[in-house]
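Subject: Structure handover

Hi,

Here is the structure I promised to pass on to you. Have a look at it first, and then read on for what turned up in it.

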Amino acid sequence: MNRSFPGRRVASLFAIFFFAPLACFAEEDTQQLLKEARQATGLDRYDAIDDLGEQAQQAEVVVPALLRLLADPDTQVQWRAARSLGDFEGSAEGAVRPLTELLASPDAAVQYHAAVALARIGNVDEATIDALVSLAIGPDARVARAAIASLRRLKASPQIVAAALKQAMASDDQAVVVHAMEAVVELGPKAAPLLIEALQDPRTVYVACGAIEQMGADAAPTVPALDELLATSKHSHLQIQALLALASIGPPACSATGQIVTLMNNSQDATAPVAAAYALGAIGAVDADAALRAAAKKHDPLLQMMAVWALAKIHPDDEPLRSHALELLHQGLTSKEPAVHDAAEKAIAALSPASTAADPKP
């Protein structure tokens, strides 16, 4: 006997008597929200607009209503409607043009939510990309970050994204610069061409060095440009930033050993040779052995300490050298000079996991 049919019949009856009323209630709820979004005031209206973003099953009636709200004189209504339209993603494709127009709003919240919504909806045109690029170099850091994120999510061409980021990195607003640098770092190895170009621009060279330092080995293609920067720059602060970037890249930066050694031996700035010694140890520069041993004999305690640390990093199996490095580093921990103390603390942690056990107790 086939017993499946009665079961399906019971299920169908259950659906008729239970789910059908729920669907009616859902439609009634949506209609109530639409009414409140049009006619209510204050928080009741705002809450209704927010809740409309959760009515995915009613996109045909909700999306047109939200589109009309984008033209409301209340900017809070505008940005809430924009945010809710983003919740509909591809179902709100008709909102691309009015949302793009809102990118020119004088209200930063409206710009922000319009940019985010456009990224979620997708399928934008060239006018939208151009508007987002303009926001990416605008004065409001939060809006600029949203625009940069939207450009990436919309899969704008790498050239367009790179151009926007390059301009943002040259911004006079430090917050915009920071957000642009974060976006560059997130690009990973794909950011190398942009960073190489940025290293040659006085407006962006410092930011580029900072981004490379955060990226580490992913920025290995920038090593020749950093090497050239060390050779041509006369500014010790910039040289130090470049050295820290090379140190972060690690062994792939060994080709810069010669220039780093030259800087360590010839710099007139007291800090640059210390940064150079650190970089040599971080990249494992075996060819710098003689230069580091000479630096370890100089009277500068910080340079001496860092040079011995670098030698210990380059020769990890040399236990006497490692012990000597730890002895100097522990002495550095007792220094009243904050720079010496901090350098010693970081160097002990970086020397080897086992070395932390030898740290003196506070």
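This is a predicted model: local features need pLDDT of at least 70, side-chain atom pairs count only at pLDDT 80 or more; totals for chains, interfaces and linings use all residues.

**The largest pocket**

The largest pocket has a volume of about 450 Å³. Its lining is made up of 18 residues, and those nearest the centre of the pocket are Leu244, Val274, Tyr278, Met306 and Ala343. Which of them provides the largest share of the lining? That is helix 20, with seven residues. Sorted by class, the lining has 14 nonpolar residues, one polar residue and three charged ones.

**Aspartate 342**

Helix 20 spans residues 338-351 and includes aspartate 342.

**Helix 15**

Helix 15 covers residues 257-266, and its buried residues include Thr257, Ile260, Val261, Leu263 and Met264. These residues sit on the same side of helix 15, because the arc they cover around the axis is only 160°. As a general point, an α-helix has 3.6 residues a turn, so residues three or four places apart point the same way. The partners that the buried residues of helix 15 pack against are helix 13 (223-232), helix 14, helix 16 and helix 17 (289-295).

**Salt bridges**

The count comes to 10 salt bridges. Here are some of them.

- Glutamate 89 and arginine 120 meet through their side chains, at 3.6 Å from N to O. The pair links distant parts of the chain, 31 residues apart: glutamate 89 is in the loop between helix 4 (75-87) and helix 5 (96-102), and arginine 120 is in helix 6 (residues 108-121). Glutamate 89 counts as partly exposed because its relative accessibility is 34%, and arginine 120 is partly exposed as well, with a relative accessible area of 29%.
- Aspartate 125 pairs with arginine 97 in a salt bridge, and their closest N and O atoms are 3.4 Å apart. Aspartate 125 is in the loop between helix 6 and helix 7 (126-136), whereas arginine 97 is in helix 5, so this pair ties together parts that are 28 residues apart in sequence. Aspartate 125 counts as partly exposed at 28% relative accessibility, while arginine 97, at 52%, counts as exposed.
- Arginine 293 and aspartate 289 form a salt bridge in which the closest N and O atoms are 2.8 Å apart. Both lie in helix 17, four residues apart, which is about one turn of the helix. Arginine 293 counts as partly exposed at 36% relative accessibility. Aspartate 289 is buried, because its relative accessible area is 18% and the cut-off for buried is under 20%.
- Which residues are linked in a network of salt bridges? They are Asp50, Arg80 and Arg83.

Happy to go through any of this with you.

Best wishes

How values were computed
Residues are numbered from 1 along each chain as its sequence is written. Side-chain values use heavy atoms; hydrogens and water are left out. Helices (H or I, at least four residues) and strands (E, at least two) are DSSP runs, numbered from the N terminus. On a 1 Å grid over the protein atoms alone, a cavity is a set of points where a 1.4 Å probe fits but cannot get out, and a pocket is an open set with protein on both sides within 12 Å along at least five of seven lines; lining residues have an atom within 4 Å of a point. Grid points are joined across faces, edges and corners, and a volume is the space filled by probe spheres set on the points. Ala, Val, Leu, Ile, Met, Phe, Trp, Tyr, Cys and Pro count as nonpolar, Asp, Glu, Lys and Arg as charged, and the others, Gly among them, as polar. Buried means under 20% relative accessible area, exposed over 50%, partly exposed in between (1.4 Å probe, protein chains only). The arc is that of the directions from the helix axis to the C-beta atoms. Contact means heavy atoms within 4.5 Å. A salt bridge is a side-chain nitrogen of Lys or Arg within 4 Å of a carboxyl oxygen of Asp or Glu.
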